Amino acid sequence: MTERHVTVERQGRVGLVFLDRPDRRNSYTPLMALQLQDALVAFDADPEVSVIVVSGRGEHFGVGADLDMNWRDERTHGVETLTEPEKAPWNLSTPIIAAINGDAIGVSLTWAMQADIRVVADSARLAFSFNRVGIMPDRGSTWLLPRLAGFGVAMDLLLTGRTIDGTEFERRGLATHVAAPADVLEVAVELATDMAERCAPVSMTATKRLMYEFLESTDRVAAYNRERRVLTWIRTCGETLRGIAAFKEKRAPEWGTTKHTRVPAELR
């Protein structure tokens, strides 16, 4: 029987994924990396799951790599290149929330940065500590952080590897919600549940995909026009009328799409 370093639960339409090595402070292993990817992909394939929340069991989100592993063995590093880019978190159809319930160091933090929304504990210790242990930042953090926090802040955090707390992390634009450690998961699940109940699945997926796509676009007019075409198509699905009716009647909407409702090829 395979050892479980990641476990999953369901809460309504929210899929919960836990880094689950609390006795090792949820430190990274190659098995954890593979199981995390598998859990995200499985929830993404489930039409009954509208939002995914990733958190850590116990007091920590994850304290980085398990330093007791043999780091001279190439097999230790697990899957390091995007051989299956369609399985990357930003390419999945389902919105992902990272509930950073405690310390997040090194690779554990760069995992959290791949989520779409982050809720962080105010007292959590967070560090892109790579340069302090003789390695460089990973999982696209040198690409993403300048876009989230600005070039100067990204240089500071990535080059120095210094530790900041959750309050500064949120102030720097790297999280959008900050809470007491005991409340982080609850805040994240409440946010996910509200999204699942109130937001049209197809429009959330389209919003996520376009936003990541446009991070690399320099043609503002082309982006504007593509956004308009997709928006017009979503209206043809009837979701706008359903949303307006629910708003007027003061009830939860009954959507006619799923996150797997695909934008026609000619609009992509």
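Which residues are buried in α4? In this predicted model, the buried residues of α4 are Val-153, Ala-154, Leu-157 and Leu-158. They lie on the same side of α4, because the arc they cover around the axis is only 110 degrees. The cover over these buried residues includes α3 (141-149) and β8 (164-165). On the face turned away from the buried side, α4 carries the exposed residues Phe-151, Gly-152 and Leu-159.

Phe-151 belongs to helix α4, which spans residues 151-160. With a relative accessible area of 56%, Phe-151 is exposed, since the cut-off for that class is over 50%. Together with Met-155 and Leu-159, Phe-151 forms a nonpolar patch on the surface, and the accessible area of the three is about 330 Å². Just after α4, Gly-161 adopts a positive phi of about 65 degrees.

Side chains of opposite charge can pair when their charged atoms come close. The count of salt bridges comes to 16. One of them joins the side chains of Asp-156 and Arg-162, with an N to O distance of 2.9 Å. Asp-156 is partly exposed at 24% relative accessibility, and Arg-162 is partly exposed at 25%. Both residues belong to a network of salt bridges that also links Glu-168 and Arg-172.

A salt bridge also forms between the side chains of Glu-213 and Arg-226 (2.8 Å, N to O). This pair links distant parts of the chain, with Glu-213 in helix α7 (residues 201-214) and Arg-226 in helix α8 (residues 220-236), 13 residues apart. Glu-213 is partly exposed at 35% relative accessibility, whereas Arg-226 is buried at 13%. The side chains of Glu-249 and Arg-251 meet in a further salt bridge at 2.6 Å, N to O. Arg-251 has a relative accessible area of 30% and is partly exposed.

The largest nonpolar core holds 59 residues, of which Val-17, Ile-100, Leu-126 and Phe-169 touch the most other members. Apart from neighbours within four places in sequence, the contacts of Val-17 include Val-6, Val-8, Leu-36, Leu-40, Phe-43, Ile-52 and Val-54. A second, separate core consists of eight residues, among them Val-202, Leu-210, Cys-237 and Val-263.

Ser-50 occupies the loop between α1 (30-45) and β3 (51-56). Its relative accessibility is 8%, so Ser-50 counts as buried. Neighbours within four places in sequence aside, Ser-50 is in contact with Arg-13, Thr-94, Pro-95, Ala-196 and Met-204.

Key. Residues are numbered from 1 along each chain as its sequence is written. This is a predicted model: local features need pLDDT of at least 70, side-chain atom pairs count only at pLDDT 80 or more; totals for chains, interfaces and linings use all residues. Side-chain values use heavy atoms; hydrogens and water are left out. Patches are made of residues with over 30% relative accessible area and no salt bridge: like charges are joined within 9 Å, nonpolar side chains (Val, Leu, Ile, Met, Phe, Trp, Tyr) within 5 Å. Accessible areas come from the Shrake-Rupley method with a 1.4 Å probe; for residues, only the protein chains shown count as cover. A salt bridge is a side-chain nitrogen of Lys or Arg within 4 Å of a carboxyl oxygen of Asp or Glu. Helices (H or I, at least four residues) and strands (E, at least two) are DSSP runs, numbered from the N terminus. Buried means under 20% relative accessible area, exposed over 50%, partly exposed in between (1.4 Å probe, protein chains only). The arc is that of the directions from the helix axis to the C-beta atoms. Contact means heavy atoms within 4.5 Å. A nonpolar core is a set of buried Ala, Val, Leu, Ile, Met, Phe, Trp, Tyr and Cys residues joined through side-chain atoms within 4.5 Å.
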